[in-house]
Amino acid sequence: MNKVGRKTDFSQIFAEKLSFPYDYDPEKQILRMSAENVSHLLDILFNDENLAFDYLRDLTAKDEPPGTFHVVYNFLSFKHRHTLMVIAQVPANDQGDLPEVDSATKYYNSANWMEREVYDMFGIRFRNHPD
């Protein structure tokens, strides 16, 4: 039986492909970054053959510490049997507008409903969301 969730160290791939600041913990399989770069990251996670994250298992948000929003993504590659959690800090908005992040629906159909839930619960808008 193939076990899902094997640990893979993505440090070298991220160092080569990501052109923005990030913090990656290979032991916990967590990538922390600014939500301003989500679209670039999603393109790499989905299209890079060595990553091939073809399934978004979960998308949620957290308000921690209070007033600081993070969108949390949990990815799975069926091809490689590896997983990754991405925690993207949503930039503060000084104008009082709702915070915004690029939608993941371009790559993951499963993001559609989850992004709506995050909007309803946290007020985070997703740019280019189909609804």
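Biologist: Why is glutamine 29 called buried?

Modeller: This is a predicted model, and in it glutamine 29 has a relative accessibility of 6%. Buried means under 20%, so glutamine 29 counts as buried.

Biologist: Where is glutamine 29 found, and what is its phi?

Modeller: Glutamine 29 is found in the loop between strand E1 (22-25) and E2. Its phi is near 60 degrees, a positive value in a residue other than glycine. Most residues other than glycine have a negative phi.

Biologist: Asparagine 128 has a positive phi too, about 70 degrees, and it is not a glycine. Is asparagine 128 buried or exposed?

Modeller: Exposed: asparagine 128 has 72% relative accessibility, and the cut-off is over 50%. As for its place, asparagine 128 is in the segment after strand E7 (125-127).

Biologist: What makes the peptide bond from glutamate 64 to proline 65 cis?

Modeller: Its omega, which is near -5 degrees. Proline 65 is found in the loop between E3 and E4. Most peptide bonds are trans.

Biologist: Which residues is alanine 52 in contact with, leaving aside neighbours within four places in sequence?

Modeller: With those neighbours set aside, the contacts of alanine 52 are Leu45, Phe46, Ser77, Lys79 and His80. The C-alpha atoms of alanine 52 and phenylalanine 78 are separated by 8.1 Å, with the two residues 26 apart along the chain.

Biologist: Now the core. Which residues touch the most other members of the largest nonpolar core?

Modeller: Leu45, Tyr73 and Tyr108, out of 36 residues in that core. The elements giving two or more residues to it include helix H1 (11-17), helix H2 (38-47) and helix H3 (111-122), and also strand E4 (69-77). H2 gives the most, with five residues. In soluble globular proteins, nonpolar side chains tend to be buried together.

Biologist: What is tyrosine 108 in contact with, neighbours within four places aside?

Modeller: Setting those neighbours aside, tyrosine 108 is in contact with Leu42, Leu45, Phe46, Phe53, Asp54, Tyr55, Leu56 and Phe75.

Biologist: Zooming out, how many helices and strands does the chain have, and in what order do they run?

Modeller: There are three helices and seven strands. Starting at the N terminus, the order is α-β-β-α-β-β-β-β-α-β.

Biologist: And why is the chain called as compact as a globular protein of its length?

Modeller: Its radius of gyration is 14 Å, and the globule rule gives 14 Å for 131 residues, so the chain is as compact as a globular protein of that length. The C-alpha trace spans about 45 × 30 × 20 Å along its principal axes.

Biologist: How much of the chain is buried, and what does the accessible surface come to?

Modeller: Buried residues make up 44% of the 131. The accessible surface is about 7,600 Å², with 46% of it belonging to carbon and sulfur atoms.

Biologist: What about the charges: how many are there, and how far apart are their mean positions?

Modeller: The chain has 14 positive and 21 negative charges, and their mean positions are 7 Å apart.

Note on methods:
Residues numbered from 1 in each chain as written. Predicted model: local features only at pLDDT ≥ 70, side-chain atom pairs only at ≥ 80, totals over all residues. Heavy atoms only, no water. Helix = DSSP H or I, 4+ residues; strand = E, 2+ residues; numbered from the N terminus. Rg over C-alpha atoms; globule rule 2.2 N^0.38 Å. Buried < 20%, exposed > 50% of the residue type's maximum accessible area, 1.4 Å probe, protein only. Areas by Shrake-Rupley, 256 points an atom, 1.4 Å probe, with all protein chains shown as cover. Lys, Arg positive; Asp, Glu negative; His and termini not counted. Charge placed at Lys NZ, Arg CZ, Asp CG, Glu CD. Core = buried A, V, L, I, M, F, W, Y, C linked by side-chain atoms within 4.5 Å. Contact = heavy atoms within 4.5 Å.
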